[in-house]
Number of protein chains: 2
Amino acid sequence: MLVEGTHFFPNANPQRLGHKALAVNLSDLAACGARPLAFTLALSLPEVSEHWLSDFSTGLFNLADAHHCTLIGGDTTRGPLNLCITVLGEVEVVNGKAQPLLRSGAQVGDDIYVSGHLGDARWALMVLQGQLERPASLVQPHLGPPSQHSPFFAAAQMRLEQPTPRVALGLALRGIAHAAIDLSDGLVGDLHHLLHASSTQLKTPEPLGASILLEAALGLMAAAHALPQDLVLSCVLSGGDDYELLFTAPPSARAAVQAAAHGSLTPVTRIGTVEAIPGVRLLDAQGHELGGTDKFRSFDHFSNQLA
Amino acid sequence: MLVEGTHFFPNANPQRLGHKALAVNLSDLAACGARPLAFTLALSLPEVSEHWLSDFSTGLFNLADAHHCTLIGGDTTRGPLNLCITVLGEVEVVNGKAQPLLRSGAQVGDDIYVSGHLGDARWALMVLQGQLERPASLVQPHLGPPSQHSPFFAAAQMRLEQPTPRVALGLALRGIAHAAIDLSDGLVGDLHHLLHASSTQLKTPEPLGASILLEAALGLMAAAHALPQDLVLSCVLSGGDDYELLFTAPPSARAAVQAAAHGSLTPVTRIGTVEAIPGVRLLDAQGHELGGTDKFRSFDHFSNQLA
């Protein structure tokens, strides 16, 4: 359920909004290794604008068609702008038993991976909310002179407003990944969700923990080298709204993970390891611990830190 | 999708609201002859009130449990109060082919039936909106002296705020009814929807029509004899929010329809006939035509008429 003022700006581009409303749902299916089948859409509108509805539908159905996902029902009514999509997908069935990818399957020693880019969506949001200055002269290092329209910012804004659900990667990871979750609340927060669910499943005496390689994490943000490292770290670790997949797999599956990434045309980065020691730690290139990540667990902490 | 201010009053009783949010969805399944399986709930709340959520959950889960319908997912977020439920059900499958009850199966000569009561919900709404005086001394004819709290009004208010989805009747009508729809927009309006869909299915040169027996229609409203006939007629024909089933079946199935009604403990009234002549007509007890029903087709006409 996406609500105006909570999840998007009142003047949000309707075509990108149509895309995002479905994309965030397809991202949930991707994290389950599920194939999209169909969706319902309930729409509450303050007024009927043909123009808005036409653009919204374009964004929505372009993405739906790309995933062969059919609109099968829903509702339209009058009220504050609210978009509610329910998506249905199909997981693999082996010997009559459904085999979804779950967040609860991580094991001690698993590698931790992230797809695509993290943190750019949060940076774009902060700029659009006026918390940070809008960059006017950031340049892509190899593409020539400064531009008034930062291509980094434009790309980050697209990641915020038109995220790419990693459906093909989710399907390719079936039988390879031990656990997966989609990143909507931020890397550290969602990693805690995955570790907590896996600990419960394993009935470990203490919750599982993880180490994250600082350098790998910093490299996940496309605009990283153009911004201060503290900001990059915050955006990557607690950004949210990324809709990338966070997943774990045993070290023996590294080649299979790379093949899945290659086959699904999705960049994948190995960023750390699941461990028996509770908590999520940052490591430098030499493997030395740089400290905990508790302050990055949620959006609220992030805001406080900047305030 | 139910929106505060559009579908319910800001101070609506949360327990009844929880019931109604699921009931209106189960009513759609009932009209398909489908067995409820599961539902998702997305909830946008302006603030978190433990008391409100507890009462809402009680109403919701009491009804869900009664229908063995399981909550399987959803969302909670902040925003104007909005309740969005998607329900999943199962229709009969014969020789590998799904056999839903559809609104498009009506045939010329079919009897037209309605379950339960019509119009009381609209009357209650008009009273609660201040369009009509709140009845203080209406009595049930056989139950003694006037009461300050009209039992008719209390019952009508319950029909508005806590409607009964006719799931058992819908299941019992499988293989008996030709067509069915649930009454959310009003009898005449929804009958037109059913006739239109059936005409399209039959590819008739002109749309199908129907005759409705005035006396049978008037008898559908529980509070009918306590109110002016014009008001009763408007409430019954264009009331809306009834969540009863409107269905058709061939005259040869009258005994089977009665058995289905009996078996599902649901009152059912035969109110008219599907005809080859377009339009919906009212007939008196002698079968004489009393006029068309165009002014009863929608809620808006109804409002205009009273204004």
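1. Buried means under 20% relative accessible area, exposed over 50%, and partly exposed in between, with a 1.4 Å probe and protein chains only. By that scale B:R16, at 23% relative accessible area, is partly exposed.

2. This is a predicted model: local features need pLDDT of at least 70, side-chain atom pairs count only at pLDDT 80 or more, and totals for chains, interfaces and linings use all residues. Residues are numbered from 1 along each chain as its sequence is written, chains are lettered from A and ligands numbered from 1 in the order in which they are written, and side-chain values use heavy atoms, with hydrogens and water left out.

3. Interface extent. Contact here means heavy atoms within 4.5 Å. In these terms, 17 residues of chain B touch 17 residues of chain A. Of the interface residues of chain B, 100% are also interface residues in chain A, so the copies meet through the same surface.

4. Between them, chain B and chain A bury about 1200 Å², with 67% of it on carbon and sulfur atoms. Buried area is the accessible area (1.4 Å probe) that two parts lose on being put together, summed over both. The elements giving two or more residues to the chain B side are β2 (35-45), β3 (70-78) and β4 (82-90) of chain B. By class, that side has 7 nonpolar, 8 polar and 2 charged residues. Ala, Val, Leu, Ile, Met, Phe, Trp, Tyr, Cys and Pro count as nonpolar; Asp, Glu, Lys and Arg as charged; the others, Gly among them, as polar.

5. Salt bridges. The rule asks for a side-chain nitrogen of Lys or Arg within 4 Å of a carboxyl oxygen of Asp or Glu. How many does it find across the interface of chain B and chain A? The count there is 0. Over all chains it comes to 12.

6. A loop-to-loop pair. A:E244 and A:R166 form a salt bridge, with the closest N and O atoms 2.7 Å apart. A:E244 sits in the loop between α8 (229-238) and β10 (245-249) of chain A, and A:R166 in the loop between α4 (151-161) and α5 (167-172) of chain A, 78 residues apart. Both partners count as buried: A:E244 at 4% relative accessibility, A:R166 at 14%. Helices (H or I, at least four residues) and strands (E, at least two) are DSSP runs, numbered from the N terminus.

7. B:E161 and B:R16 meet in a salt bridge at 2.6 Å, N to O. B:E161 is in α4 (residues 151-161) of chain B and B:R16 in α1 (residues 14-31) of chain B, so the pair ties together parts 145 residues apart in sequence. B:E161 is buried, at 18% relative accessibility.

8. Helix α3 to helix α4. The side chains of B:D120 and B:R159 form a salt bridge at 3.9 Å, N to O. B:D120 is in α3 (residues 120-128) of chain B and B:R159 in α4 of chain B, so the pair joins parts 39 residues apart in sequence. B:D120 is buried at 1% relative accessibility; B:R159 is partly exposed at 27%.

9. B:H19. This residue lies in helix α1 of chain B. At 11% relative accessibility, B:H19 counts as buried. Neighbours within four places in sequence aside, B:H19 is in contact with B:G59, B:L60, B:L63, B:Q162 and B:P163.
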